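Please look through the model below with its sequence at hand. The paragraphs that follow begin with the chain as a whole and then turn to particular side chains.

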Amino acid sequence: MNRASSVPHPVDPVVPPHVSVPGQMSHREIMEALSGLLLAMFVAMLSSTVVTNALPKIVTDLDGSQTGYTWVVVATLLSMTATTPIWGKLADLFSKKLLVQSALVIYSAGSLVAALAPSMSVLIGARVIQGLGVGGLTALVQVVIASMVSPRERGRYSGYIGAVFAVATVSGPLIGGLIVDSPLGWRGCFFVGLPFALGAFVLLQKTLHLPVVKRPVSIDYLGASLIISGVSLLLVWVSLAGNEYAWTSGTSILLVVLGLAILAAAVYVELRVATEPIIPMRLFADRTISLATLASVFIGVAMFGSTVYLSQYFQLARGMSPTKAGLMTIAMVGGLLVSSIVSGRVISATGLWKRWLVGGMFLVVVGLGLLGTVDETTHLALVGLFMAVLGIGLGATMQNLVLSVQNNVAASDLGAASSVVAFFRSMGGSIGVSALGALLSVQVADKVTSGLTGLGIASDGHSSHDIPDLSTLPAPVRGVFEHAFGASIGELFLIAMPCALVALVCIMFIKEVPLRTSVSLADEVAPEATEELQTR
């Protein structure tokens with residue numbers, strides 16, 4: 001490694017002289033800066049959770065379909081996924097505070113457009129803009145915290161992130177459900193995040209003061225463009241195949257071949273051409289980063305791909321209002337809240353993290369398997385218990401997987417490494433939401449067609465793919481749709497379970513490296529990590 005880079009970076013003159021350099025901040029100073037960061041993280045989480053229970057109503061009002069429902073979610077995930085590594089790399093080159101504030105502004109602009117959207121196409125476009133901002137917030141908050149706190153102490157503060165994640169996850173559906181059931185309607189769900197974004201912007205301006213790296217900048221525009229294009233093509237393919245065209249059609253093959261070719265070109269550019277690659281391929285020489293990245297893909301598929309359809313289960317299979325559907329998420333988020341805080345504090349106290357990752361991922365596998373048994377008749381207490389198991393597992397896994405990667409990289413690569421994990425987790429989530437959404441659409445349509453035929457009611461393909469307003473349907477027809485959604489959504493969890501099992505295997509092979517206790521040296525990594533890299 002280049003030891004010259006271990007000299008502390010010059011501090012930007014705009015940083016007040018009373019602010020300590022990273023590694024020397026007091027707990028009070030960290031908590032003051034953390035207040036704005038956590039509020040920014042709350043905004044990012046709220047952007048998806050607040051509309052969860054509003055989606056069935058949104059799609060109904062805008063005359064959408066199951067494919068439209070999926071794309072309202074996928075649009076945000078896609079833009080968030082494609083831009084996460086770019087935000088992470090920019091954090092290694094520019095002012096982190098300015099970048100977080102820019103992400104807040106982009107998110108706010110997308111929210112305004114979404115709130116005023118007259119059609120599904122405009123709404124999906126607005127969700128793309130929101131995703132750009134959310135991608136920045138998701139990647140940058142982790143990077144900024146890592147710039148202030150050593151890996152050993154980071155578990156303590158990661159617990160706060162997990163708590164905010166849990167609060168946003170549980171309050172988002174509740175807030176969204178209440179807004180949808182109020183005179184504001186579903187459009188109010190997109191306005192609600194704006195005051196929080198403004199508050200985060202102001203708090204960051206007042207409390208966050210970090211050294212700014214001053215060095216020549218070379219932005220990898222070509223690599224960024226290729227990554228975004230390749231990922232986008234594959235996600236478009238996986239979300240539309242089976243509905244708009246057959247999986248083995250010429251269009252399907254063309255999208256796959258073109259997407260893979262563009263991503264292969266992106267890898268070449270990152271390896272051979274780019275001076276400052278968006279995704280430094282040398283990071284994958286480290287076993288922890290490679291396995292954590294692979295695990296992140298499958299965690300994303302299992303987590304996002306299955307849980308995003310829970311609101312449809314409660315509203316369309318169980319006939320709940322958006323508010324009641326939001327209340328049902330408390331079981332899962334309560335488990336996530338407790339496990340994230342407890343695991344973070346214990347990890348900070350002991351410096352040992354792998355047992356929490358393994359145990360948490362095992363519970364994710366179990367939780368998905370249990371949820372795979374539900375249908376429209378399952379007792380709600382059992383559904384809540386199954387969700388709690390899944391939440392406990394996710395709380396012990398998500399933040400701590402990022403921590404294991406941050407512990408193995410130099411400070412100069414912190415942004416890129418953190419965003420790589422977030423990028424692949426989001427990509428897995430996008431693939432999971434797209435693929436499982438397409439599968440759900442086909443399964444529901446088949447069950448609805450079969451059920452209506454059994455009632456002696458003719459059904460065309462279009463009506464079987466529509467998401468109906470159940471309150472307007474006759475009881476027998478309503479029962480057909482409730483069974484179709486209940487049974488089909490339960491099957492999604494069973495399909496997601498093998499992905500979680502693969503993630504568990506990857507985590508078991510990660511080598512545990514004791515957490516570092518300093519962030520002051522730019523190239524400091526744990527001795528075990530350094531030894532492992534030198535043996536290659």
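Helices are DSSP runs of H or I with at least four residues, strands are runs of E with at least two, and both are numbered from the N terminus. This is a predicted model, in which local features need pLDDT of at least 70 and side-chain atom pairs count only at pLDDT 80 or more, while totals for chains, interfaces and linings use all residues. Residues are numbered from 1 along each chain as its sequence is written, and side-chain values use heavy atoms, with hydrogens and water left out.

The chain holds 20 helices and zero strands. Of its 536 residues, 59% count as buried, where buried means under 20% relative accessible area, exposed means over 50%, and partly exposed lies in between (1.4 Å probe, protein chains only). The accessible surface of the chain comes to about 19,900 Å², of which 69% belongs to carbon and sulfur atoms; such areas come from the Shrake-Rupley method with a 1.4 Å probe, and for residues only the protein chains shown count as cover. If contact is taken as heavy atoms within 4.5 Å, then among contacts between residues at least 6 apart in sequence, 85% join residues at least 24 apart.

Q130 sits in helix α5 (residues 120–148) and is buried, with a relative accessible area of 2%. Not counting residues up to four places away in sequence, Q130 touches S47, Y107, G110, S111 and F190. The side chain of Q130 also makes a polar contact of 3.0 Å with the side chain of R127, a polar contact being a pair of N or O atoms within 3.5 Å; within protein, one atom must be able to donate a hydrogen and the other to accept it, and residues adjacent in sequence count only if both atoms are side-chain atoms.

C189 belongs to helix α7 (residues 188–191) and is buried at a relative accessible area of 2%. Leaving aside neighbours within four places in sequence, C189 is in contact with V50, V51, A54, G176, I179 and V180. C189 and S48 are 141 residues apart along the chain, and their C-alpha atoms are separated by 10.0 Å.

The charged pairs come last. Side chains of opposite charge can pair when their charged atoms come close. A salt bridge is here a side-chain nitrogen of Lys or Arg within 4 Å of a carboxyl oxygen of Asp or Glu, and by this rule the count comes to three salt bridges.

How far apart are the N and O atoms in the salt bridge of K57 and D61? The distance is 3.8 Å, and because K57 and D61 are four residues apart in helix α2 (residues 55–61), they are separated by about one helical turn. K57 is partly exposed at 38% relative accessibility, and D61 is partly exposed at 39%.

E482 and R478 are likewise four residues apart, about one turn of helix α19, in which both lie, and the closest N and O atoms of their salt bridge are 3.0 Å apart. E482 counts as buried because its relative accessible area is 18%, whereas R478, at 26%, is partly exposed.

The salt bridge between K447 and E491 has its closest N and O atoms 3.7 Å apart. This pair links distant parts of the chain, with K447 in helix α17 (residues 414–454) and E491 in helix α19 (residues 475–508), 44 residues apart. K447 is partly exposed at 23% relative accessibility, and E491 is partly exposed at 29%.
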